[in-house]
Amino acid sequence: MSHLDTDLVIAGGGLAGATLALALARVVPSLRVTVVEAFPLSADALPDTYQPSYDARSTALAWGSRLIFEELGLWSRLSEHATPIRHIHVSDRGRFGATRLNATDHGQEALGYVADNRWMGLCLMRELLKTGVRWEAPAEVVDMMPETGGVRVAVKRGTETRSLTAQCLVVADGGRSGLREALGFQTRNQQYGQNALIANVSTADSHRFTAYERFTDAGPMALLPHGAPHRAGQQSALVWTLTDEALEEVLALSDSQKCQRLQERFGWRLGRFTQIGECSHYPLKLTTVDEPVRPGVALVGNAAHALHPVAGQGFNLALRGLMTLVEQFRQAVEQGVSLGDLQVLGRYQRLHRQDWQQTVQFSDSLIRIFGQSPAPVAAARDAGLVGLDLLPGAKRWFARKAMGMGGRRAVINKPGSPRREPAGHE
């Protein structure tokens, strides 16, 4: 298929698209990969040093995601600004039920990590610029047409549009994917009637590397340790779910009033809230695509499924899916089969489907269970949380879900290394 312009086009060079490109460069270096990204990229634009910002947005990385980044050779650098989560505390506001997870109980140094999105992107870009991955930026994929032996991808740069021929197109341009809609993929949206308010906050007491998941009658909130990878600091990343009316009310408050309102909802486990940074927000919904693959095209990451952030599983689920796709592409190259062959993409979909269905069910059930306030339901929640805390088997299951170890194990087979197979579902 050397007559094609490239082997694979990745639409979107964000965290998902860049990770996929790097993994393919590591695992199948013979593939010609082209990333089409809307934002400009050059080696000169990458800073030599990274200075964390108080208002930096972050992502929760499960332990399983750390293992993937280790195999990609990225973790040693990425961990320089990744705050460990050594404890998780789950509670129900105004009720006695609670459960606690500790990394040492599972023989790990952390249950997960919190890393700045900008830092992760910077680490990925530095590594990608060392590879043979080709970048088209600033540009965007606006259409795709199937052809014999591959696909023809329309790439728009400024006012000009040109075509690239490839074996396959991977859509990785996020949950608001315009390309997904342009290609006619049907999405299913379940509105939660809530919004996520995102901000970084400071507290009088140290977080002691503890992530708090706090369920309230107005919706869940999470506080994740942030900003101090090597010492137990006082900064946390906040995810606060609010109704439309409550969101407008909170946004109208001063910073000190926001801290006071947050104090009322969260409590005093971290002492007084002393600072809240820049707030951003977005409506919450569960978005899924029943058939995220077609001949010559596959959706990945948030373009294929966007979850409620309550369990912090969105990017971790996407990452496991990316590694599953990489493995299918590696096998296709070995067998001389086109990357866009429906058997190749269909096998990826089947292998990843069980993981995303279980993860969606896990996240969605937390919202449904903790979103109900009648006394019998609340009492059952208390019993459930206490039961998780007391029953080793149930607690181990919950911990494995939180650590991103409940799905199909990702194994990266690099060229020249002994062949390893995923150990099924863990």
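## A guided tour of the predicted model

Begin by selecting strands β9, β10 and β11, which form an open sheet of 3 strands in that order with antiparallel pairing; two strands are said to pair if DSSP finds at least two bridges between them, and strands themselves are DSSP runs (E, at least two residues), just as helices are runs of H or I with at least four residues, numbered from the N terminus. The edge strands are β9 (140-147) and β11 (160-166), each of which pairs on one side only. On average, neighbouring strands of this sheet are turned by 25° against each other, direction ignored, where the axes are lines fitted to C-alpha atoms and angles run from 0 to 180 degrees between N-to-C directions.

Before going further, note that this is a predicted model, in which local features need pLDDT of at least 70, side-chain atom pairs count only at pLDDT 80 or more, and totals for chains, interfaces and linings use all residues. Residues are numbered from 1 along each chain as its sequence is written, and side-chain values use heavy atoms, with hydrogens and water left out.

Staying with the sheet, select β9 together with β10 (residues 150-157), which pair in the antiparallel sense over 7 bridges. Within this pairing, pick out Met145 and look across to Arg152 in β10, its bridge partner.

Next, move to strand β13 (residues 187-203) and select Gln194, which is found there. Is Gln194 buried or exposed? Gln194 is buried, because its relative accessible area is 14%, and buried means under 20% (exposed is over 50%, partly exposed in between, with a 1.4 Å probe and protein chains only).

Now follow the chain to the loop between β13 and β14 (210-216), where Ser206 lies. Ser206 also counts as buried, at 18% relative accessibility. Not counting residues up to four places away in sequence, Ser206 touches Ala232, Gly233, Gln234 and Leu270, a contact being heavy atoms within 4.5 Å. What does the side chain of Ser206 reach at 3.1 Å? It is the backbone oxygen of Ala232, while the backbone oxygen of Gly233 lies 3.2 Å from a polar atom of the Ser206 side chain.

Finally, show the whole protein, whose secondary structure comes to 11 helices and 21 strands. Of its 426 residues, 55% count as buried, and among contacts between residues at least 6 apart in sequence, 73% join residues at least 24 apart.

Definitions and conventions. A polar contact is a pair of N or O atoms within 3.5 Å; within protein, one must be able to donate a hydrogen and the other to accept it, and residues adjacent in sequence count only if both atoms are side-chain atoms.
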